[in-house]
Amino acid sequence: MLSIFQIERLCNIVYLDILISGMNQNNLLKIMEFMLKEGFDKEKEFPCKMTRAEWEQVARSIITDSALGELFIIKHVNNEKTGHRAFCFSKEGGEVYVVFRGTNSDEEWFDNAIGLLGTETPAQKAALDFVKEVAGSIKNLKHLCVAGHSKGGNKAQYCLVAGNELIDSCVSVDGQGFSRLFFEKYSDIIEKSKEKLTAIAERRDFVNCLGFYLQKPAYYTGGRGEKTEESPFGQPLPFFHCPDALRLNTGEAGKTAQISTISEVINSFTVYFLTEKKYERKREKTALGLVSLMTDNIDISRAAESVAEAALVFFELAATDEDFRTDLRNMLIFERDVVTATAQFIRKSINQTENEIADKAMRLLAEKLILKPLYFRYFIKVTERYVVFTNKTEEMKEHHNHVMYFIKTIIKYMEKSKK
């Protein structure tokens with residue numbers, strides 16, 4: 001059997017188009033040798049926001065690892081419309097590895113949102129269909145492992161539960177969580193499934209903590225995110241969401257670590273939003289609106305409304321839950337660089353001429369609240385007042401106006417506190 005980090009390498013390479021390009025090679029050793037010789041020169045954009053040097057390191061690690069190099073691609077599916085991609089890797093001895101790619105299309109982004117709200121999704125069902133096809137077509141099958149990164153990790157975990165009798169092991173790398181409805185439907189098989197699961201994640205990853213964990217991952221910290229002259233505050237959160245982020249710069253497996261307070265805060269927020277009954281009618285609209293920000297077909301009005309709705313939930317949680325406030329405080333103290341870099345990353349995407357107030361708020365949050373955690377108490381005070389204010393209104397029809405009210409208030413309060 002391959003080790004966890006050998007399987008993680010397979011979760012990397014399923015993003016490479018060369019595997020489905022028809023170069024008449026299905027052996028990983030030969031494919032990676034080709035990539036180093038001339039394949040990377042033809043890549044216009046490298047997947048997963050990884051650099052060429054990082055991808056070359058992936059290729060070399062497979063070439064020098066005989067257990068990986070001797071694997072063959074014996075079956076694959078690649079749906080350009082939906083973004084669904086999966087490979088079946090195998091070698092002599094009956095070991096089979098089905099590996100799913102992460103999110104790669106607008107359709108899959110919306111599928112991610114559905115996965116946090118409903119029992120199962122079209123993408124999850126398509127993944128299980130591929131597993132069933134593999135299991136039914138391979139003779140002398142001795143061990144079937146399913147794996148994947150990000151959405152691919154979620155697909156693998158779904159297959160483990162829904163197709164438990166077919167699967168011997170599962171590896172999820174930064175895989176997204178599930179909804180309450182999923183746990184209710186599969187309550188009788190969840191514990192049995194978890195015995196076959198190994199979940200790993202980068203300590204600052206922001207995807208594995210979305211929703212309810214099937215199994216909380218073992219966390220690692222790699223070589224990404226170091227400060228440089230170009231990035232004096234480190235790197236924003238998206239920088240840590242790639243399968244290679246769990247490795248050191250040398251290519252070796254990263255060091256085990258504690259989950260970051262950022263990931264804890266994200267998990268607490270999403271679980272609160274998915275659990276509180278009063279948000280039940282708004283969940284689908286809000287989740288799909290937020291996801292539209294990730295797509296090429298952005299519905300601006302729906303996205304703006306959803307951001308405002310999510311902000312209301314976050315502010316209420318910050319004002320009413322002491323444990324959440326503690327995590328927030330720790331996040332601003334111990335994860336300051338990542339949060340600051342993320343805030344600046346968001347600021348750059350804001351159209352300043354149309355969103356002067358929002359831009360000013362982001363600047364204050366980055367420069368004051370985040371860089372000076374003592375400002376946290378002012379943030380909480382304003383949040384508590386804001387929640388009282390919004391709760392006095394009969395209906396939240398103009399919630400974006402309420403959020404703008406909050407932003408204006410916190411700007412005013414923080415500027416006043418400077419004097």
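This note walks through a predicted model of one protein chain, point by point.

1. **How to read the model.** Residues are numbered from 1 along each chain as its sequence is written, and side-chain values use heavy atoms, with hydrogens and water left out. Because the model is predicted, local features need pLDDT of at least 70 and side-chain atom pairs count only at pLDDT 80 or more, while totals for chains, interfaces and linings use all residues.

2. **The overall build.** The protein chain holds 17 helices and eight strands. Helices (H or I, at least four residues) and strands (E, at least two) are DSSP runs, numbered from the N terminus. The radius of gyration of the chain is 23 Å, close to the 22 Å that the globule rule gives for 419 residues, so the chain is as compact as a globular protein of that length. Here the radius is taken over C-alpha atoms, and the rule is 2.2 Å times the number of residues to the power 0.38. Along its principal axes, the C-alpha trace spans about 70 × 50 × 35 Å.

3. Of the 419 residues, 54% are buried. Buried means under 20% relative accessible area, exposed means over 50%, and partly exposed is in between (1.4 Å probe, protein chains only). The accessible surface of the chain comes to about 20100 Å², and 51% of that belongs to carbon and sulfur atoms. These areas come from the Shrake-Rupley method with a 1.4 Å probe; for residues, only the protein chains shown count as cover.

4. **Contacts along the chain.** Contact means heavy atoms within 4.5 Å. Take the contacts between residues at least 6 apart in sequence: 69% of them join residues at least 24 apart.

5. **Charges.** There are 57 positive and 59 negative side chains, and the centres of the two sets lie 5 Å apart. Lys and Arg count as positive and Asp and Glu as negative, with His and the chain ends not counted. The place of a charge is taken as NZ of Lys, CZ of Arg, CG of Asp or CD of Glu.

6. **Two residues with positive phi.** Most residues other than glycine have a negative phi. S150, which is not a glycine, has a positive phi near 60°; S150 sits in the loop between strand 4 and helix 7 (151-162) and is buried at 8% relative accessibility. D174 has a positive phi of about 60°. D174 belongs to the loop between strand 5 and helix 8 and is buried at 0% relative accessibility.

7. **Two covered helices.** In helix 1 (residues 4-13), nine of the ten residues are buried, so the helix is largely enclosed by the rest of the structure. Helix 11 (residues 283-292) is mostly covered, with seven of its ten residues buried. Its buried residues include R283, L288 and V291, and their cover includes helix 5 (106-117), helix 8 (180-185), helix 10 (261-275) and helix 12 (300-320).

8. Which residues does L317 touch, leaving aside its neighbours within four places in sequence? They are S268, F269, Y272 and F324. L317 lies in helix 12 and is buried at 3% relative accessibility; L317 and F269 are 48 residues apart in sequence, but 7.5 Å apart in space, C-alpha to C-alpha. N104, in the loop between strand 3 (95-100) and helix 5, is partly exposed at 45% relative accessible area.
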